[in-house]
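Dear colleague,

I am passing on the structure below, together with some notes on what I found in one part of it. Please read the notes with the structure open beside them.

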Amino acid sequence: MTVTLLGATEIRRLAAELDVTPTKKLGQNFVVDANTVRKIVQAARVQPGERVVEVGPGLGSLTLAILEAGASVTAVEIDHRLAARLSQTVVEHGVPAEQLTVVDADALRITELPGEPTVLVANLPYNVSVPVLLHFLESFSYLKRGVVMVQAEVAERLAAKPGSKIYGSPSVKAAWYGEWKLSGTVSRQVFWPAPNVDSLLVGFDRAEGERGPEEERRRTFQIVDAAFNQRRKMLRQALSGLFGSSAAASDILIAAGVAPTARGEDLTVEDYHRVAKHVARIEDAVVTD
């Protein structure tokens with residue numbers, strides 16, 4: 001199968017045909033460079049025969065590069081015009097129609113993915129990148145790895161480690177699901193229109209097995225949010241509203257093996273999970289009594 005990729009001229013022609021003007025509201029910045037989309041696919045280690053989910057395929061630049069690698073694609077697109085045209089585009093570029101499944105929907109609202117893809121590859125809109133990633137990781141346990149192109153600041157936060165100034169709530173929540181690392185740089189000049197921010201590739205490999213049940217995840221994320229809502233404060237103060245008082249927060253933290261004088265940025269996801277499990281034990285004991 002010989003697949004041809006989209007170039008800048010054809011991308012603009014397709015956009016004109018569909019009366020599509022890239023909008024900031026949808027975070028649309030189309031990649032017009034074939035080498036860049038191939039770089040993303042290579043970074044994601046896409047193999048022939050794999051099923052890949054792509055969020056926001058747009059006009060199909062990255063979609064065709066994934067298909068060129070021999071994978072099949074489930075493409076989730078919120079823009080009805082783009083969703084309706086994508087299948088025709090891939091056929092015109094040498095791909096059998098059955099290799100692509102288009103889901104015309106909001107990626108933040110879908111609850112199932114045709115084909116149960118194991119790899120996520122996407123050029124994510126800057127304004128919803130973290131919510132989309134967390135929603136997909138929470139909702140689709142069969143996703144095992146992925147690489148996404150996002151705003152550089154977002155990528156750095158997702159891959160940040162404890163103790164870093166950029167380590168925050170997204171860093172901890174992403175780490176709940178597995179390991180994250182920066183996977184490459186992307187020039188502003190490969191986009192149409194060129195964005196006002198730099199982009200990076202960030203990749204993840206999902207941990208074997210679930211870290212904990214859904215109830216523990218929700219509780220852990222609640223504690224994470226409280227800690228980083230007041231990240232300059234010590235945890236005993238930042239969590240006082242959640243646990244009733246600074247004294248109560250201190251007792252819970254100490255019992256979970258966490259210093260009450262630490263700050264949110266000092267804790268690993270394992271630390272936060274340990275605090276959440278201790279709170280659950282306290283609540284279970286109260287119910288039993």
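Two strands are said to pair if DSSP finds at least two bridges between them, and strands (E, at least two residues) and helices (H or I, at least four residues) are DSSP runs, numbered from the N terminus. This is a predicted model, in which local features need pLDDT of at least 70 and side-chain atom pairs count only at pLDDT 80 or more, while totals for chains, interfaces and linings use all residues. Residues are numbered from 1 along each chain as its sequence is written, and side-chain values use heavy atoms, with hydrogens and water left out.

Strand β5 (residues 119-123) pairs with strand β6 (residues 145-151) in the parallel sense over five bridges, and in β6 the bridge partner of Asn123 is Met149. Strand β2 (residues 51-55) also pairs with β5 in the parallel sense, over two bridges, and here Leu120 of β5 is the bridge partner of Val53.

Because five of the five residues of β5 are buried, the strand is largely enclosed by the rest of the structure; buried means under 20% relative accessible area, exposed over 50%, and partly exposed in between (1.4 Å probe, protein chains only). Val119, Val121 and Asn123 point one way from β5, whereas Leu120 and Ala122 point the other way.

Gly115, in the loop between β4 (100-104) and β5, counts as exposed because its relative accessibility is 54%.

With best regards
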